[in-house]
Amino acid sequence: MILFLAAVVPQRTSAISFALDSIAEWGKFPRFIVNTYRWGDKFFNGYDTTYVTGAGYKFSAKLTTDSWMDGYRFVLPNNSRITMMSDPSTSAGVYLTYLAVSAGYDINLSKLMGGADRSRQRFRFGFNCMLFAAEAYVVRNDVGTTIKRFGEFSDQNVPFNGVNNSTWGLDAYYFFTHKRYSEAASFNFSRIQKRSHGSFYTGFSIYTQHLDFDFSHLPEHLKRELPDTWPDYRYKVDTHNYALRFGYGYNWVFAPKWVLGVSESPIIGVRKGFVVSDIEKVSFSLYNRLKFSVVWNSGRWFFGAVGKFDVAIVNDMRTTYAGGVLSGEAVFGCRFNLW
């Protein structure tokens with residue numbers, strides 16, 4: 001918007017300044033834009049400066065490394081169980097933040113460096129102001145795992161590559177104590193939490209689940225453990241989920257320049273789609289997100305360590321599936337201004 005105004009509004013002097021007061025002097029329309037921007041900034045980002053302060057910069061660039069592992073668990077009829085766990089993998093990402101908006105992309109380093117044929121691609125987009133937060137994400141996993149238990153066969157270590165899962169989602173939630181608590185201070189690095197405080201939050205979550213576990217290539221003695229309701233020895237889920245998100249976050253400022261953040265959020269709603277069946281059904285959905293962080297700030301530089309545990313549960317009355325991702329992320333970044 002600032003660049004647009006600079007192009008269309010005649011300048012009285014040869015020197016151009018992007019300071020808000022200078023832009024407001026260009027004319028009625030630029031003054032209206034500046035006043036609207038100031039109102040929106042106060043409404044969405046107003047905070048108690050005793051507890052939260054701005055970082056002093058509009059932009060930040062972040063480099064991330066993320067080590068993660070997937071786990072899957074099935075509870076079958078007659079209380080039989082399947083347990084699978086992937087080996088740890090490492091991804092790297094680059095993220096750019098401007099004020100409350102951030103976007104980035106992760107790729108799997110383990111695969112690029114000649115490791116196991118495993119891939120995890122993730123795109124994330126976020127908007128995080130003091131009043132509320134919104135997140136959009138796309139994740140795809142075709143992750144090879146290891147079967148640890150399969151029915152009555154325990155202590156197994158059978159390689160299993162029949163996984164092809166993907167999901168996309170959108171979350172938005174409102175912070176009730178937004179003037180004294182900043183989630184951006186502990187997970188987005190765009191604010192500074194000066195004194196400890198927490199907040200309840202609530203909102204909505206819309207996400208898809210595309211799960212495909214193909215057990216058809218396993219040995220016959222293992223396939224006999226699978227339910228006869230799974231066609232072609234495959235567990236497939238293709239659903240859309242609409243849910244309410246409830247949570248609580250807390251930032252503990254335990255030393256100068258340091259903050260420890262934690263956030264716990266169950267996501268409860270309805271699921272519409274196909275679960276091991278060609279008949280579309282509506283059922284109960286449950287998801288949970290837990291995350292924590294340790295952040296160090298020093299002027300324009302910052303460092304963070306972030307841990308996350310996401311788990312989804314799918315129940316079709318005969319089979320219960322629980323799939324989760326445990327990850328640990330290291331973030332190093334620099335704040336800066338372009339104008």
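**Entry 1: overall picture**

I began with the surface: the protein exposes about 17,300 Å², and carbon and sulfur atoms supply 62% of that area (Shrake-Rupley method, 1.4 Å probe; for residues, only the protein chains shown count as cover). I am working from a predicted model, where local features need pLDDT of at least 70, side-chain atom pairs count only at pLDDT 80 or more, and totals for chains, interfaces and linings use all residues. My numbering runs from 1 along each chain as its sequence is written, and side-chain values use heavy atoms, with hydrogens and water left out.

I then looked up the secondary structure and found six helices and 17 strands (DSSP runs numbered from the N terminus: helices are H or I with at least four residues, strands are E with at least two). Of the 339 residues, 45% are buried (under 20% relative accessible area; exposed is over 50%, partly exposed in between, with a 1.4 Å probe and protein chains only). For contacts (heavy atoms within 4.5 Å) with a separation of 6 or more, I note that 64% join residues 24 or more positions apart.

**Entry 2: salt bridges**

How many salt bridges are there by this rule? I get 10, taking a side-chain nitrogen of Lys or Arg within 4 Å of a carboxyl oxygen of Asp or Glu.

I looked at Asp48 and Arg180, whose side chains meet at 3.5 Å, N to O. Asp48 sits in the loop between α3 (28-45) and β1 (52-54), and Arg180 in the loop between β10 (165-175) and α5 (183-188), so this pair ties together parts 132 residues apart in sequence. Asp48 is partly exposed at 22% relative accessible area, and Arg180 is partly exposed too, at 35%.

Next came Arg289 and Asp171, with their closest N and O atoms 2.6 Å apart. This pair links strand β15, which holds Arg289, to strand β10, which holds Asp171, across 118 residues. Are Arg289 and Asp171 buried or exposed? I find both buried.

Glu183 and Lys291 form another salt bridge, at 3.7 Å, N to O. Because Glu183 lies in helix α5 and Lys291 in strand β15, the pair ties together parts 108 residues apart in sequence. Both of these residues are buried.

I turned to the second largest pocket, which holds about 260 Å³ of space. On a 1 Å grid over the protein atoms alone, a pocket is an open set of points with protein on both sides within 12 Å along at least five of seven lines, and lining residues have an atom within 4 Å of a point. A volume is the space filled by probe spheres set on the points, which are joined across faces, edges and corners.

Which residues lie nearest its centre? They are Val275, Lys281, Asn315, Asp316 and Met317, out of 15 lining residues. β14 (258-275) and β15 (281-298) are the elements that give two or more residues to this lining, and β14 gives the most, with five. I sorted the lining into four nonpolar, six polar and five charged residues (nonpolar: Ala, Val, Leu, Ile, Met, Phe, Trp, Tyr, Cys and Pro; charged: Asp, Glu, Lys and Arg; polar: the others, Gly among them).

**Entry 3: positive phi**

Most residues other than glycine have a negative phi. I noted Asp232, with a positive phi near 55°, and Tyr233, with a positive phi of about 60°. Asp232 is in the loop between α6 (220-223) and β13 (234-255), and Tyr233 is in the loop between α6 and β13 as well. Asp232 is exposed at 61% relative accessible area, while Tyr233 is partly exposed at 35%.

Note on methods
1 Å grid on protein atoms, 1.4 Å probe; cavity = no way out; pocket = protein on both sides within 12 Å on 5 of 7 lines; lining within 4 Å.
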